[in-house]
Amino acid sequence: NNLALLMSPAEAIRLHDGRTLSKREMYVEAIRFNPKYAYAYNNLGVDLGKEETVSLPDGRAVGKQQLYLEAMKCDASYKQPVLNLVGTLEDGESIELFDGRVVTKEELSSTVSGDEA
């Protein structure tokens, strides 16, 4: 994950085992090694375009929002995926969180700004 942060989207790196991986593939590889690694899910979400999806090691094809939700599920104290998820929502739009709660963009935003009641 840390190495992938330094890579440009078009860059690839050759690993010691001979495989060549792109930036996105590096994030997926980090998730394969540690499925609870919130930073890899978040950073992969940042790297994806709005309509793009990526295949995770468990076979799921997911987009930005699902990656941010997965990061939030892995580490509830890590606020960056919450901010990133807010950025994907339109004003008034709702989303179901990993715990089953449905929240609007504004409600989600207030959880990271400290305005939560």
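The legends below describe views of a predicted protein model.

**View 1. Secondary structure of the predicted protein.** Six helices and six strands make up the secondary structure of the protein. Read from the N terminus, the order of elements is α-β-β-α-α-β-β-α-α-β-β-α.

**View 2. Burial, surface and contacts of the protein.** The protein has 117 residues, of which 38% count as buried. Its accessible surface is about 6,800 Å², and carbon and sulfur atoms account for 51% of that area. For contacts between residues at least 6 apart in sequence, 33% link residues that are at least 24 apart.

**View 3. Geometry of the helix pair H3 and H4.** Two packed helices are described by the angle between their axes and the distance between the axes. Helix H3 spans residues 38–47 and helix H4 spans residues 64–74. Their axes come within 8 Å and cross at roughly 160°. Angles over 145 degrees count as roughly antiparallel, and H3 and H4 are therefore roughly antiparallel to each other. The crossing of the two helices is left-handed.

**View 4. Residues in the contact between H3 and H4.** On the H3 side, the contact is made by Ala38, Tyr41, Asn42, Leu44, Gly45 and Val46. H4 contributes Lys64, Leu67, Tyr68, Glu70, Ala71 and Cys74. By class, the contact residues of H3 and H4 comprise eight nonpolar, two polar and two charged. Gly counts as polar in this division, and Gly45 belongs to the H3 side of the contact. Lys and Glu count as charged; Lys64 and Glu70 are on the H4 side.

How values were computed:
Residues numbered from 1 in each chain as written. Predicted model: local features only at pLDDT ≥ 70, side-chain atom pairs only at ≥ 80, totals over all residues. Heavy atoms only, no water. Helix = DSSP H or I, 4+ residues; strand = E, 2+ residues; numbered from the N terminus. Buried < 20%, exposed > 50% of the residue type's maximum accessible area, 1.4 Å probe, protein only. Contact = heavy atoms within 4.5 Å. Areas by Shrake-Rupley, 256 points an atom, 1.4 Å probe, with all protein chains shown as cover. Axes fitted to C-alpha atoms, helices over the stretch in contact; angles between N-to-C directions. Parallel < 35°, antiparallel > 145°, perpendicular 65-115°, else oblique. Left-handed = near helix turned anticlockwise from the far one by under 90°.
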